Amino acid sequence: MTQTPTVPTATSNDDAMLDAVTKFIADKEQFRSKSYLVGGKGNPTIGYGFEYYDKDTPVKMGETMTKEQAVPLLKEKVRTFHNRLQDYEVYNTMTPTQKAGMVSFMYNLGPNVIDAPENPNLRKAVKSKDITEIQKMMQKFNYRDGEFMPGLYDRRKEEVNIMNDETILFGEQ
């Protein structure tokens, strides 16, 4: 008898979700071997959008990184965001694809995006545990420095689509 493969559940296999969202993030962030300033300003960034190597070591202009150095750091950072999101009750009830969308969202916007004082509507949606409302609020994060960014708009759409369609990350089951 053959078994039909299933999408891993949140309680049995977060590793598959983390692997899938890491690949998604790597594709979206596009590896850069030399440090740069996003939009010509802000903090120096390198690799897959890293501003820090660890919590105490910021990236500096003029630094370089190989993909071999970046991939383990990306995996570590994705797991860190996953662990951070577990502080929110709703995250622990989400499907793997919903979790993946949230991890990508937090990776792109930073670990404090939900609790930042300037984001009360996102925080309220997360506390409400209403996935539709969370997705609605996520899609509002498509501006940088007051300017609409089509790339951020597309990324938010993709994150919400991931949350709603398990085949995007896990293929047909």
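In the predicted model, Asp87 and Arg84 form a salt bridge in which the closest N and O atoms are 3.1 Å apart; a salt bridge is taken as a side-chain nitrogen of Lys or Arg within 4 Å of a carboxyl oxygen of Asp or Glu. Asp87 counts as exposed because its relative accessibility is 57%, whereas Arg84 is partly exposed, with a relative accessible area of 21%. Here buried means under 20% relative accessible area, exposed over 50%, and partly exposed in between, with a 1.4 Å probe and protein chains only. Residues are numbered from 1 along each chain as its sequence is written. The model being predicted, local features need pLDDT of at least 70 and side-chain atom pairs count only at pLDDT 80 or more, while totals for chains, interfaces and linings use all residues; side-chain values use heavy atoms, with hydrogens and water left out.

The structure holds 12 salt bridges. Among them is the pair of Asp14 and Lys99, with an N to O distance of 3.5 Å. Asp14 lies in helix α1 and Lys99 in helix α3, so this pair ties together parts that are 85 residues apart in sequence. Asp14 and Lys99 are buried. Helices (H or I, at least four residues) and strands (E, at least two) are DSSP runs, numbered from the N terminus.

A further salt bridge joins Glu159 to Arg155, with the closest N and O atoms 3.2 Å apart. Both residues lie in helix α6, 4 residues apart, which is about one turn of the helix. Glu159 and Arg155 are both buried. They also belong to a network of salt bridges that links Glu29, Arg155, Arg156 and Glu159.

Helix α6, residues 150-164, also contains Tyr153. Together with Tyr143 and Phe148, Tyr153 makes a nonpolar surface patch of about 320 Å². Patches are made of residues with over 30% relative accessible area and no salt bridge, with like charges joined within 9 Å and nonpolar side chains (Val, Leu, Ile, Met, Phe, Trp, Tyr) within 5 Å. Accessible areas come from the Shrake-Rupley method with a 1.4 Å probe; for residues, only the protein chains shown count as cover. Tyr153 counts as partly exposed because its relative accessibility is 36%.

The largest pocket has a volume of about 1500 Å³. Of the 46 residues that line this pocket, Gly49, Glu51, Tyr107, Asn108 and Leu109 are the closest to its centre. A pocket is an open set of points on a 1 Å grid over the protein atoms alone, where a 1.4 Å probe fits, with protein on both sides within 12 Å along at least five of seven lines; lining residues have an atom within 4 Å of a point. By class, the lining comprises 16 nonpolar, 12 polar and 18 charged residues. Elements that each supply at least two lining residues include α1 (14-29), β1 (32-37), α3 (96-109) and α6. The largest share, 6 residues, comes from α2.

Gln30 counts as exposed because its relative accessibility is 55%. Lys129 counts as partly exposed, its relative accessibility being 41%.

Technical notes
Grid points are joined across faces, edges and corners, and a volume is the space filled by probe spheres set on the points. Ala, Val, Leu, Ile, Met, Phe, Trp, Tyr, Cys and Pro count as nonpolar, Asp, Glu, Lys and Arg as charged, and the others, Gly among them, as polar.
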